[in-house]
Amino acid sequence: MNRPDPFILERAAVRDTFDRAGASYDAAAVLQLSVGEELLARLEPFAFAPAVVLDLGAGTGRCSAELKRRYRRARILALDLAPGMLHEALRHQRWLRRFERICADAARLPLSAASVDVVFSNLMLQWCDPPDAVLAEVRRVLRPQGFFAFSTFGPDTLRELRDAWGEDGSTHVNRFLDMHDIGDALMRAGFAEPVLDVERTTVTYSDVFHLMRDLKAIGARNVTAGRARALTGKGRMRQMAERYEAYRRDGKLPATYEVIYGAAWNGRVAGSASSGAEVHISPAQISHRRHS
């Protein structure tokens, strides 16, 4: 008898944890904001004049507000699974730069086919494992030659925390897909020649408990099927903290994040139900800034 995959994410738990984190998210989401700014910068080389832009996994709406500032005539749809996040997005609304808030599952978008020009998704795909259903929906709602820009986390993310927990029969850190697996999933969904690249960044902490508080504040709790269902004992927590100390450098503990950036066109031909044409996009077209 095959055992269930312990790394599968429980969708209801994902919704609940982000719902509770709405009020605390912005103060702790420093990395998420930085990645969002980088992803927005990668749109600059394209002379888009979209009618509709979907911010998929909009969270508290900070990127939605910037998309509205950039594309003033566009209808901006801020879609998120968690009502608590969208409630906080009200704080980023401006009288002349308003965006629409939609509470829905990215795998079942309440949007018509071929109704969106640009889909923007900052650090949401890692919460959709596997991503195939979401990618199929993104392609469905994109207009022919529509553009999909996204960021997500790769397998080196939080590797120090994963190693510090060790092997105890439970899962403690999410599984993050490799860049090549994400590229394959995009191709399966029918996107034309996706371009992906990886950047690694390190956030430092005074202790591992500060890291864990930040993860809790942004809603990044352990919601894998194989997680321990009882409270972690003090002894096990102390052992994890001691193992993490092996990574301390210059008085700080590092937390590695592997950020994958991706872009792809919807290669469908107008009036065709299937993709028979390809649109080519070279890596040189996807501008990005390198971080020190």
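## Overall make-up

The protein chain carries ten helices and seven strands. The model is predicted. Of the 292 residues in the protein chain, 51% are buried.

## Nonpolar cores

The largest nonpolar core holds 43 residues. Within this core, Phe147, Leu161 and Leu211 have the most contacts. Strand β7, residues 253-266, is the element that gives the most to this core, supplying seven residues.

In soluble globular proteins, nonpolar side chains tend to be buried together.

## Helices α3 and α4

Helix α3 spans residues 30-41, and helix α4 spans residues 62-70. Their axes come within 10 Å and cross at roughly 25 degrees. An angle under 35 degrees counts as roughly parallel, so α3 is roughly parallel to α4. The crossing of the two helices is right-handed.

Which residues make the contact? From α3 come Leu33, Gly36 and Leu40. From α4 come Arg62, Cys63, Glu66, Leu67 and Arg70. By class, the residues in this contact of α3 with α4 are four nonpolar, one polar and three charged.

## Helices α6 and α8

Helix α6 covers residues 132-141, and helix α8 covers residues 179-189. Here the axes come within 9 Å and cross at roughly 45 degrees. The helices α6 and α8 are therefore oblique to each other. The crossing of α6 with α8 is right-handed.

On the α6 side, the contact uses Asp132, Leu135, Ala136 and Arg139. On the α8 side, it uses Ala185, Leu186, Arg188 and Ala189. The contact of α6 with α8 has five nonpolar and three charged residues, and no polar ones.

## Valine 14

Valine 14 lies in helix α1, residues 11-20. Is valine 14 buried or exposed? Its relative accessible area is 3%, so valine 14 is buried; the cut-off for buried is under 20%.

Valine 223 is 209 residues away in sequence, yet the C-alpha atoms of valine 14 and valine 223 are 6.4 Å apart. Setting aside neighbours within four places in sequence, valine 14 is in contact with Leu9, Leu81, Trp127 and Val223.

## Histidine 92

Histidine 92 sits in a loop, between α5 (83-89) and β3 (100-103). Despite the loop position, histidine 92 is buried, because its relative accessible area is 15% and the cut-off is under 20%.

What surrounds histidine 92? With neighbours within four places in sequence left aside, the residues in contact with histidine 92 are Asp26, Thr60, Gly61, Arg62, Ala65 and Phe99. One of these, Gly61, is 31 residues from histidine 92 along the chain, with 6.4 Å between the two C-alpha atoms. Another, Arg62, also takes part in the contact between α3 and α4.

Key:
Residues are numbered from 1 along each chain as its sequence is written. This is a predicted model: local features need pLDDT of at least 70, side-chain atom pairs count only at pLDDT 80 or more; totals for chains, interfaces and linings use all residues. Side-chain values use heavy atoms; hydrogens and water are left out. Axes are lines fitted to C-alpha atoms, for helices over the stretch in contact, and angles run from 0 to 180 degrees between N-to-C directions. Helices (H or I, at least four residues) and strands (E, at least two) are DSSP runs, numbered from the N terminus. Angles under 35 degrees count as roughly parallel, over 145 as roughly antiparallel, 65 to 115 as roughly perpendicular and the rest as oblique. A crossing is left-handed if the near helix is turned anticlockwise from the far one by less than a right angle, and right-handed if clockwise. Contact means heavy atoms within 4.5 Å. Ala, Val, Leu, Ile, Met, Phe, Trp, Tyr, Cys and Pro count as nonpolar, Asp, Glu, Lys and Arg as charged, and the others, Gly among them, as polar. A nonpolar core is a set of buried Ala, Val, Leu, Ile, Met, Phe, Trp, Tyr and Cys residues joined through side-chain atoms within 4.5 Å. Buried means under 20% relative accessible area, exposed over 50%, partly exposed in between (1.4 Å probe, protein chains only).
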